[in-house]
Amino acid sequence: MNNRQLTGMLVKRGILSLPELKNLEEKSLESGQGLKDLLFKEARIDESQLVDMLSEQYNVPKIKLTDLDIEEEVISILNKQTCLRYKVVPISRIGNTLTVAMSDPSNMNAQDDIKFLTDYNVEVVVASETEIIETIEKYYGAIETPQAAGSGEEIGFNLDELLSEMEEIQVEGGEMREMTIEESIREAGDAPVVKLVNMVVLDAIKKKASDIHVEPYEKSFRMRFRIDGVLYDVLHPPKHMQDAIVARFKVLANLDIAEKRVPQDGRIKIRMGRGREMDFRVSVLPCIFGEKVVLRLLDKSNLQLDMTKLGFFEEQLEGFKNAIHRPYGMILVTGPTGSGKTTTLYSALSELNKTDVNISTAEDPVEFNLEGINQVPIREQVGLTFAAALRSFLRQDPDIIMVGEIRDFETAEIAVKAALTGHLVMSTLHTNDAPSTITRLLNMGIESFLVTSSLNVIAAQRLGRKVCQACKEEFPIEKHVLKELQISDRMLAEIAGGVPRIYKGRGCDACSGSGYKGRIAFYEVLLMSEAIKEAVLNGSSSSELKQIAIQEGMKSMRMSANIHLLSGTTSIDEVLRNTAPD
C-alpha cells in the first residue's frame, strides 16, 4: 500500500485532517523519514488500527498470527523469498484453496503471482506486518540483512520500497552519466528511474533470466522475466513512470529517444565485478499504448560450448560429431525460436575451431563473439542478406561456413552448392522435427538428389526445464500415464530398472518457488543413411522417413524426453509441453 492510499484512508475516516497531512508531508521531506514511519512514530495510527481499517476497507477477515500453529505442509507451499517479497504467510489449505495472511490485501499482483506459483486459488486475510515478519522468522528462519553493493554479484534491494519513493519524487530531465551498475546503486543522489532500471537489470542477471520484457498497456505497465523458457511477472511500476523507464533503456542502448514511431534495435554492454561483462540485445517496438522493450541477455560466461553437456545421448553425440568432422556436407539444426539452436551450432564450431581451418559465419544478429571465427552481422537494409554473405564467403577461401538461418530458396540453393563443392556448411531451419526438414527443403525448390547428396545430419531440438535438484521429490505414477507418454516396458526396464521413478520440484529458495532450475535439450538426430536417402529419392513423406529412421535406431524427440524423465532430469509437464507423440 503506497502513502497516498494510506493517507487517503486516514483522511476519509477523520483520523487525519488535511492540515495535519500537509504538516506530516513537510516533516517527511525535511527529515528524510517515510510518511508511514512518521504516522506510526507520532502515534497517529498503530498497527492494530491499520489492520482494522484494511479489514473493513477491503472486506477481508483479520487474523492474529501469534494465536496460530501453522502446519509444516502448508508452510512449504511458499518459499521464504516469496513471503518476504510480498509480506505474506500461508496459513491453511483446504482442497484447492490456499489462505494467506497479508499485510496489504490491496496487492492484487502479489495474489496473482502466488496463484501462478502454487496453482491454488488464493483467499486473503489481513495481519500486521510485524506479525508477518515474526511468523516468517519463526517458520523459515532468521531474515538476513541484504549485502552491501560493490561485489558485483550479490546486491540486496527492495523494489517495492523504491516504487513507493518514486510516487513522491519527480524525475528531473537532463543528461544521465553512464556508469557501471555498482556505481549507480552506490550513488545516493541517482535519479529513481536510473536506480530502478539498474536494479531490474541486475535482478534479471542474478535470476539467470534470458529476456526482460517491458510492456505498456492502457492502464498498467509491467516487467516480466523469461527464466528457463517461461515468462514470470516480476514488477508493475506506476503507469506514469512508463515513458521515463523506456527512455532510460533507449539511452543505454544509444537509440533515438525522440523516435517513437518505428522499431529500433541496439545493444547495451554492462561491466560487472571481477572483470565480468554482460551484453544485452535491445529491441524497441511501438505499440498502441507506448513502446514495448525486450532485452535479450547474452552472458558469455554462461555459454555452454561443451557438446557433452548439452543433452545429447552418447550415440546421438557420436553420430553428430562424425557428421561435423566430415570434410564437406551440410549440418542442419532445427527447432522453434529460443530452442537453443545457436548454442548447438556454436558448440560444433568451437569443436572445429583450429588454426588450420578458416571459419566464417553470417548471423542475424551476432550473439556471442567467438575468438578465431570471422562473424558477419546481417544487415538487410543495405543489401547484406544471408544469400549475399554466402556468396562473399565462397570468395574468401572458407573451410567451414555457418549461416544463421535458411529462410528462402536462394539461401538454400547457395548453401547446398557450397556443401557439394568441398565446404562444410552449418545452418538452422524452423521445423517441428528432423524428418520434416527434408520435406521443407524439397518444398523450397531444392531437388531431391541435391538434398541427399549434400545433407550429412539433421538435429532437431527443444529445451525442457530441469527439475530443481534441491527440492525434487518422487511422486507415484499410474500405468495409463506411462502409456500416454509412450514409455514402453523395454525403455522402463533399460532406464529405470522396471520401476518408474518420476520427480517433480516442490519449490524452494534455490529455484524461486518454481520447482525448476536450468534447462536441458531434447534431441532428435537423423543421420542420412542409405535407406533414408533412397526413401527421399522415392518421394516418401516425413512420417515414413521418421519410421525408417526409428527402425535404424534414431531416438525421436519424445523418446529423448522420456529418457530424461525416467532419469529424474525433467518432469512430465515438460515432456508434454515440448514434444509431440510419435
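**Around helix α11**

Analyst: Let's start just past α11, where K208 has a positive phi of about 60 degrees. Keep in mind that this is a predicted model.

User: OK, and what about α11, how many residues does it have?
Analyst: α11 has 15 residues, 192-206. From first C-alpha to last it reaches 21 Å, close to the 21 Å expected at 1.5 Å a residue.

User: How many of those are buried?
Analyst: 14 of the 15 residues in α11 are buried, so it counts as mostly covered.

User: Let me zoom out. How many helices and strands are in the protein?
Analyst: There are 24 helices and 18 strands. The protein has 582 residues, and 48% of them count as buried.

User: Switching to α20. Which residues there are buried?
Analyst: In α20, residues 489-496, the buried ones include M491, L492 and A496. Those residues cover an arc of only 100 degrees around the axis, which puts them on the same side of α20.

User: And what's on the other side of α20?
Analyst: D489, R490 and E494 are there, and they're exposed.

User: What covers the buried residues?
Analyst: The cover includes α19 (479-484) and α23 (557-566).

User: What comes on either end of α20?
Analyst: G497 follows α20, with a positive phi near 65 degrees.

User: Is Q486 buried, exposed or partly exposed?
Analyst: Partly exposed: the relative accessible area of Q486 is 34%, and that class runs between the 20% and 50% cut-offs.

User: Where else is there a positive phi in a residue that's not a glycine?
Analyst: D397 is one of them, at about 50 degrees. D397 lies in the loop between α15 (386-393) and β13 (400-403). At 62% relative accessibility, D397 counts as exposed.

User: Which residues does the cis peptide bond join?
Analyst: D364 and P365, with omega about -10 degrees. P365 is in the loop between β11 (359-363) and β12 (374-377).

User: Now pockets. How much space lies in the second largest pocket?
Analyst: About 810 Å³.

User: Which residues lie nearest its centre?
Analyst: L117, T118, K504, G505 and R506 lie nearest the centre, out of 30 lining residues. By type, the lining divides into 9 nonpolar, 10 polar and 11 charged.

User: Which helices and strands each supply at least two of the lining residues?
Analyst: The helices are α7 (108-118) and α24 (572-578). The strands are β6 (230-235), β16 (472-475) and β17 (502-505).

User: Last one: where does A101 lie?
Analyst: A101 is in strand β2, residues 97-102. A101 has a relative accessible area of 0%, so it's buried.

User: What's A101 in contact with, leaving aside neighbours within four places in sequence?
Analyst: I63, L65, K87, V88, V89, I91, V125, A127 and I132. V88 is 13 residues from A101 along the chain, and their C-alpha atoms are separated by 5.4 Å.

Methods
Residues are numbered from 1 along each chain as its sequence is written. This is a predicted model: local features need pLDDT of at least 70, side-chain atom pairs count only at pLDDT 80 or more; totals for chains, interfaces and linings use all residues. Side-chain values use heavy atoms; hydrogens and water are left out. Helices (H or I, at least four residues) and strands (E, at least two) are DSSP runs, numbered from the N terminus. The expected span of a helix is 1.5 Å times one less than its number of residues. Buried means under 20% relative accessible area, exposed over 50%, partly exposed in between (1.4 Å probe, protein chains only). On a 1 Å grid over the protein atoms alone, a cavity is a set of points where a 1.4 Å probe fits but cannot get out, and a pocket is an open set with protein on both sides within 12 Å along at least five of seven lines; lining residues have an atom within 4 Å of a point. Grid points are joined across faces, edges and corners, and a volume is the space filled by probe spheres set on the points. Ala, Val, Leu, Ile, Met, Phe, Trp, Tyr, Cys and Pro count as nonpolar, Asp, Glu, Lys and Arg as charged, and the others, Gly among them, as polar. The arc is that of the directions from the helix axis to the C-beta atoms. Contact means heavy atoms within 4.5 Å.
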